[in-house]
Number of protein chains: 2
Amino acid sequence: MTQDPLVVFTPSGKRGRFPVGTPVLTAARQLGVDLDSVCGGRGICSKCQITPGYGEFSKHGVTVAEGALSEWNAVEERYDQKRGLKEGRRLGCQALVHGDVVIDVPAESQVHRQVVRKAASTRVIEMDPASRLYYIEVEEPDMHEPTGDLERVARALAAQWDIPAVTMDFSVLGTLQTVLRKGAWKITVALNKHSAEATPQIIAAWPGLHEDGLFGLAIDLGSTTVAAHLTNLDTGAVVASSGIMNPQIRFGEDLMSRVSYAMMNPGGDGEMTRAVRLAIDALVQDISAEAGIDPALILETVFVCNPVMHHLLIGIDPVELGQAPFALATSEPLHLRAADLEITALPSASQIYILPCIAGHVGADAAAVALSEQPGKSEDLVLVVDVGTNAEILLGDTSRVLACSSPTGPAFEGAQISSGQRAAPGAIEAIRIDPETKEPRFRVIGCDKWSDEDGFWQATAQTGITGICGSGIIEAVAEMRIAGLMDDSGLIGSAEAAGTARCVPEGRTHAYLIHDASETGGPRITVTQGDIRAIQLAKSALYAGARLLMDEMNVEKVDRVVLAGAFGAHISAKHAMVLGMIPDVPLEKVTSAGNAAGTGARIALCNLAARREIEGTVRQITKVETAIEPRFQEHFVAANAIPHKTDPFPELSKIVTLPNVSFNTGSGGDSGGRRRRRRA
Amino acid sequence: MTQDPLVVFTPSGKRGRFPVGTPVLTAARQLGVDLDSVCGGRGICSKCQITPGYGEFSKHGVTVAEGALSEWNAVEERYDQKRGLKEGRRLGCQALVHGDVVIDVPAESQVHRQVVRKAASTRVIEMDPASRLYYIEVEEPDMHEPTGDLERVARALAAQWDIPAVTMDFSVLGTLQTVLRKGAWKITVALNKHSAEATPQIIAAWPGLHEDGLFGLAIDLGSTTVAAHLTNLDTGAVVASSGIMNPQIRFGEDLMSRVSYAMMNPGGDGEMTRAVRLAIDALVQDISAEAGIDPALILETVFVCNPVMHHLLIGIDPVELGQAPFALATSEPLHLRAADLEITALPSASQIYILPCIAGHVGADAAAVALSEQPGKSEDLVLVVDVGTNAEILLGDTSRVLACSSPTGPAFEGAQISSGQRAAPGAIEAIRIDPETKEPRFRVIGCDKWSDEDGFWQATAQTGITGICGSGIIEAVAEMRIAGLMDDSGLIGSAEAAGTARCVPEGRTHAYLIHDASETGGPRITVTQGDIRAIQLAKSALYAGARLLMDEMNVEKVDRVVLAGAFGAHISAKHAMVLGMIPDVPLEKVTSAGNAAGTGARIALCNLAARREIEGTVRQITKVETAIEPRFQEHFVAANAIPHKTDPFPELSKIVTLPNVSFNTGSGGDSGGRRRRRRA
């Protein structure tokens, strides 16, 4: 008696013997090999493409003969003519096993394919979204055995996909009869199963085989900006990214001023809720138009946001978040429908998942950062700082993770800065000041050249030099400190004291002139004493938050720092450290994670297990409340100096020597800069 | 060693020994005695009132001494002064067991108290609604152990009520923080648990102890009228009943004309959906105003309706119900929220339950009739006829139940009848015609006297005699047949042939004049030949439906008939049988069930197990489709004669002798009535 043919799948290595004539898809299913199929083996969806290997496979101990699979058949022929099959590919549901064979499952045929993030970290996302497509053929109604159309759809899912029970979103029920008849009883349904216990729910249905895919949105709802990534839920690819300003800014620039608005104006919370929902509606329309995708295909959205944005998004007055004990209405993850949030650009049944909040001041955005950066899996002690209007700070390693948030204000984002502007073409994003001549050179967004390089002025003629963005202001202030134009208290010297005519009087203080385009009608770009004060407040808050966590952890230093946030990627580690934004570490230990909150949202969008992971992690994070902690105030005051009043910065000292100048003329000191070498 | 005291509860008879000092409520809970409590034994809700018995109880073998319970305490004293405790009552949570005692639990202290329907049938409803109140005391938030308010509410329910997991309706989350603080962390929540598997969901929350109860609506959504009963979900009492016309009438009087409207007018289904939802909104406002109850307390609504009303209510185009194979979108029971149906007068989270449909022509209203009348539990063969614009017909006994619906049209409701009107004061509801003199006497709604009794005309002077309602037209036609004014083909005789001047010419046919108030500006009330034809169509449809079920059941007669429907209670059994609306049975075997569909809705509102019962029953009912059954047409034609062309009515013959007249002058017969005795 001859044995049944052996089938070996790669890359999984799974293997088994199957009777001659078994479809490759069937063999894959029986072995638990991850081979996709939407149509269930009917030869119409093409998701189950495989590549048979022929010849000698000593590793597997198999020799594959020419006739190991059945001949190319009419279904494959038709598909190839219509859509084109890659060289060497077969349809797994059509190719039948005739002899020993090695079958490779290419990445795009795997349901749980892995998507590697492009960012610095190498986190791999396995595709396992909450919603998937299923093609079914439904029995026609029989007058003599009356059953509802929905019941026959459920029967088809049970018989054809082994899904024993389903429910249907109420909004889909209204279109089901039309879809079934239009598809001649062959339809594709999108099934959402957001947890292991949840009964799968039909959240969309299309006539025939639905070939346009499913999409999801990862939305980072910040106090200042709302950023969205539109993601293909099949491949994990980001098909469009878009951002808009948070229209709630008109009610207050930072979180506490919005909470105040809600407190002072009856119905003010409702106004802010409507504003942000309308903005999200517009964002959905924009981003789907940009990607050329019908918004009806967007069936999943993940939100990350701080607690105040969280409550305003879901329609809860944030007043409790403005006063101790900062109680959240709920800190649990939320599963909602687009209709609950009145986001009309999405289908009513479109699923919304909002990450859990960590505490009244530490939101779902911090949870998303934790999901993306995984401090709890770090062997060394890592400080993750998500820089924004409100900074989320995480400190931890495998032993423990702490979290807090700190109200930095919008200065780091270029707001409240006299020449500040958003990161857009024409904005100064980098700057160097010569310590001898005190002359600046800079780079603007939209041009790779420095301002002292040939061709810079021609290249920027179009945009002009319009202002300074967040990363630019950090560098400007740090460079002023390095060049001795500003002392460690943050005071800018006079032209005389600082030794440059670029230090111009401005009222009773001074400003440093970076660029004057006023003759040609452009702006006069300076860093004023007020700008320095705003940056000092912001950086002190950030540093104090980090120090508070270090106290709680009982450490004096951290091993590495991750700068996250929309503009975290653009911050120069050296300049941030000169400013004293972050604790002293070797420069190479400062890395950037880009928009980690957005990445966390995207992970939660693509992978259900990640949602469970972060829901568990959040419970284990130790929350530290900055707002009522007396030591926060102490740390804040001490952090006002640049880089710091008392904390040593030994690693910084190895690479930068900060001049020891003082421009304080109030206590009888001379107006000239006194220069001393300073080594902490 | 002395034994612990013995506690015997009545009426349950449950007994057990408990340590001295055990609260009676605790003893009841441990024994599984049905003793209510909303506050969980804190002495504030007064739901756990009990009556201790003292003296000799030989039946239980117990002698109860004076000091068997602890002394009347301060909590009871305060409650008594504030609200008044009935003589002999104690609060079960305050009274402690000190010795052997017999404790009676009065009906109003039982959660699952039994409510006896007032209608003819003796069905008892056990109170077990899907939503109940729970009073809880919630931990205050702790800044150092941050948790959401909802999570602490869930913890309180787990600790204080042994409810391990709850969810909260999204709409309630927005008010939770305010309610908690207003109630100083003591709140009452309404928990909905609509099935054994469902996780309980918080659907409302009030500060402190909520003492205003919970209410539910049972709504019978008919083609012509919408009837609602507002029910106290604690006691089962109906606190208000109200009805309105279905505004969809303007789109078509009967079901098929509404389906046509949807077919012919794009968006027509949406118009009808909006119309009926607005009407329900108004009905909710009216009925709660009538009862003096805040609509926010209405947290459960049960709907029963035919399939077309069902689909239009939930927003599904009914077009498939207008053509074979009459496929429902879904026949399953539906659990929805008021917000899903856009019923804005109810809280968003208010729960909606719609009974399952039986088939494309046999709806949730028929299911409700089955739940109310339980033909499947009848030892003898019962025919249940729910008379309306569309008649629901059930035939069955313990062996099997069959169901169909029959399009009777609105004639039985007084529509399409020349002098027809709704059942309202001034409408003729009963009529007798003297077989000798051919003179009528009648009774109108709003007056108990017959028109030939003293005082009738004074009593009705206010309303006047305005028309004939449904039960009146049935009696009028039957009486005309008995008096020989109309032959068995339904033809009305001329004055000469019929022997009375009340038979007046009307075009080429005749009409019988019942009352002429035209001299005083009132109407001239007649039964025209057209009216007879409309009644014949309606009654033939009804009878043919019943006969079709009898064929399917393979029987020639039924044991009893139940007339249901809003006006079923008012139909005279004798007249219905003379008309041939219903098959021949002994007169005493015809009973009325009132609005059985409405009763079924009320049962499903008050008792969860009843929902499961009817969901199971519906699957076992054999559905018979009248619309495409050739025998239905045959039965319909044969039933056109009054009472019937071929079927004998032996029971009817025992009590009524119908004159054998013929007024057909077309076939050369003389114009005078030929009288023969007829015995079938």
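This is a predicted model: local features need pLDDT of at least 70, side-chain atom pairs count only at pLDDT 80 or more; totals for chains, interfaces and linings use all residues.
Residues are numbered from 1 along each chain as its sequence is written, and chains are lettered from A and ligands numbered from 1 in the order in which they are written.

Let's start with strand β15 of chain A, residues 225-232. Helices (H or I, at least four residues) and strands (E, at least two) are DSSP runs, numbered from the N terminus. In β15(A), 7 of the 8 residues are buried, so the strand is largely enclosed by the rest of the structure. Here, buried means 20 or more other C-beta atoms within 10 Å of a residue's own, exposed means 12 or fewer, and partly exposed is in between, with C-beta atoms placed from the backbone.

What does β15(A) pair with? On one hand there is β14(A) (residues 215-221), which runs antiparallel to β15(A) and is joined to it by 7 bridges; two strands count as paired if DSSP finds at least two bridges between them. I219(A) sits opposite A228(A) in this pairing, and a hairpin of 3 residues links β14(A) to β15(A). There is also β16(A) (residues 238-245), antiparallel to β15(A) over 7 bridges, where A227(A) has G243(A) as its bridge partner. The hairpin between β15(A) and β16(A) has 5 residues, and G236(A) in the turn has a positive phi of about 85°.

V238(A) belongs to β16 of chain A and is partly exposed, with 15 other C-beta atoms within 10 Å. Leaving aside neighbours within four places in sequence, V238(A) is in contact (C-beta atoms, placed from the backbone, within 7 Å) with H229(A), L230(A) and T231(A).

Now for a helix. α4(A), residues 170-182, bends by about 45° at L176(A), the bend being the angle between axes fitted to the seven residues ending there and the seven starting there. V172(A), L173(A), L176(A), Q177(A) and L180(A) are its buried residues, and their cover includes α3, β11, β12 and β13 of chain A. After α4(A) comes A184(A), with a positive phi near 50°.

Where the chains meet, each of chain A and chain B contributes 33 residues. On the chain B side, α3 and α4 each supply at least two residues, and α4(B) gives the most, with 5. That side divides into 17 nonpolar, 8 polar and 8 charged residues; Ala, Val, Leu, Ile, Met, Phe, Trp, Tyr, Cys and Pro count as nonpolar, Asp, Glu, Lys and Arg as charged, and the others, Gly among them, as polar.

β27(B) (residues 509-516) pairs with β28(B) over 5 bridges, including the one between L513(B) and T526(B).

Notes
Two residues are in contact if their C-beta atoms, placed from the backbone, lie within 7 Å.
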